[in-house]
Amino acid sequence: MSKIKVNNYNDFCPQQLFLYGTYREDGTPNFGLFCWFSYLYAPDLNGEGAGMGVMACIGGEKLTKDLIRKKGIFSANLVTEELLPLADYYGCVGGREHEDKMRFSPTIEKGVVLDVPTIAESPVSMELQVMQEIHLESGSDVFLCKIMGETMREDLTNKAVPFIERFKSVKQVLCGGEQHYVSTDGRDLGSWGEPMKSL
Ligand SMILES: Cc1cc2nc3c(=O)[nH]c(=O)nc-3n(C[C@H](O)[C@H](O)[C@H](O)COP(=O)(O)O)c2cc1C
């Protein structure tokens with residue numbers, strides 16, 4: 001099969017979805033949905049040694065970006081099929097515009113290392129400290145972060161169970177093409193704005 005030149009998006013290279021958690025000025029949590037996320041190797045920051053980090057691109061001006069800039073820390077919580085209605089809502093409703101955005105809420109816990117809100121129902125939560133913000137163009141900024149803490153559903157650490165079985169049990173949601181959510185086993189989970197209707 002030959003390839004043709006296209007002016008495409010990243011439709012066939014989908015990314016996982018994460019809910020970024022921050023605290024507002026009054027101490028209440030806020031969550032937003034994000035997919036422009038990948039990994040990097042980060043240097044030692046506070047004597048904990050070099051290790052994994054992430055790069056998070058945040059486009060436009062939004063509450064999550066305001067709060068990350070203020071505090072320099074946030075959490076990234078992996079989105080699963082169970083969390084999708086709530087995640088879709090957090091991605092379609094702006095925190096700056098809707099004071100009551102958090103009227104729908106997961107079970108919120110505190111980070112184990114950083115003072116960030118994390119989601120109990122998410123199987124993987126990372127606690128991130130910003131190392132550097134790179135301004136690309138109006139509204140488009142990349143945050144380079146170090147993973148300072150991470151929690152994971154306990155059964156996922158049980159190496160007596162084959163990795164692929166643990167992986168399948170997570171039921172991650174991919175940000176597939178043409179504004180559709182896709183499961184890791186190839187099911188269409190609805191278009192953006194649809195899953196939230198079940199809340
Ligand atoms: C599927 C999906 C993926 C998204 N990914 C990103 C992203 O990677 N970067 C970004 O800046 N906004 C992204 N958004 C938009 C934010 O979730 C949206 O601006 C939301 O209002 C952010 O929450 P906040 O307003 O409380 O900060 C995405 C939205 C959806 C529905």
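Q: Leaving aside its neighbours within four places in sequence, with which residues is Leu-19 in contact?
A: This is a predicted model, in which local features need pLDDT of at least 70, side-chain atom pairs count only at pLDDT 80 or more, and totals for chains, interfaces and linings use all residues. Residues are numbered from 1 along each chain as its sequence is written. Two residues are in contact if their C-beta atoms, placed from the backbone, lie within 7 Å. With neighbours within four places left aside, the contacts of Leu-19 are Phe-31, Leu-33, Asn-77, Val-79, Ala-87, Tyr-90, Ile-119 and Ser-122.

Q: Which residues touch the most other members of the largest nonpolar core?
A: A nonpolar core is a set of buried Ala, Val, Leu, Ile, Met, Phe, Trp, Tyr and Cys residues joined through C-beta atoms within 7 Å. A residue is buried if 20 or more other C-beta atoms lie within 10 Å of its own, exposed if 12 or fewer, and partly exposed in between, with C-beta atoms placed from the backbone. The largest core holds 33 residues, and those touching the most other members are Phe-18, Leu-19, Val-79 and Ala-87.

Q: Which element gives the most to this core?
A: Helices (H or I, at least four residues) and strands (E, at least two) are DSSP runs, numbered from the N terminus. The contribution in question amounts to five residues, and the element that makes it is helix 2.

Q: How many of the nine residues of helix 2 are buried?
A: The buried residues of helix 2 are Leu-84, Leu-86, Ala-87, Asp-88, Tyr-89, Tyr-90 and Gly-91, and their cover includes strand 2 (18–23), strand 3, strand 11, strand 12 and strand 13. Helix 2 is therefore largely enclosed by the rest of the structure, the number of its buried residues being seven.

Q: Which element gives the most to the shell around the ligand?
A: A residue counts as near a molecule or strand if its C-beta atom, placed from the backbone, lies within 6 Å of it, and 20 residues surround the ligand, the closest being Gly-32, Trp-36, Thr-64, Gly-91 and Gly-95. Two or more residues come from each of strand 3 (29–34), strand 5 (51–59), helix 1 (63–71) and helix 2 (84–92). The element that gives the most, with four residues, is strand 3.

Q: Which residue of strand 13 does Val-182 stand opposite?
A: Strand 12 is joined by three bridges to strand 11, where Leu-174 stands opposite Val-182. Strand 12 and strand 13 pair over two bridges, and there the residue opposite Val-182 is Asp-188.

Q: Does Met-55 count as buried, exposed or partly exposed?
A: Met-55 lies in strand 5, and, leaving aside its neighbours within four places in sequence, Met-55 is in contact with Ser-38, Leu-40, Val-142 and Leu-144. Because Met-55 has 16 C-beta neighbours inside 10 Å, this residue counts as partly exposed.

Terms used
Two strands pair if DSSP finds at least two bridges between them.
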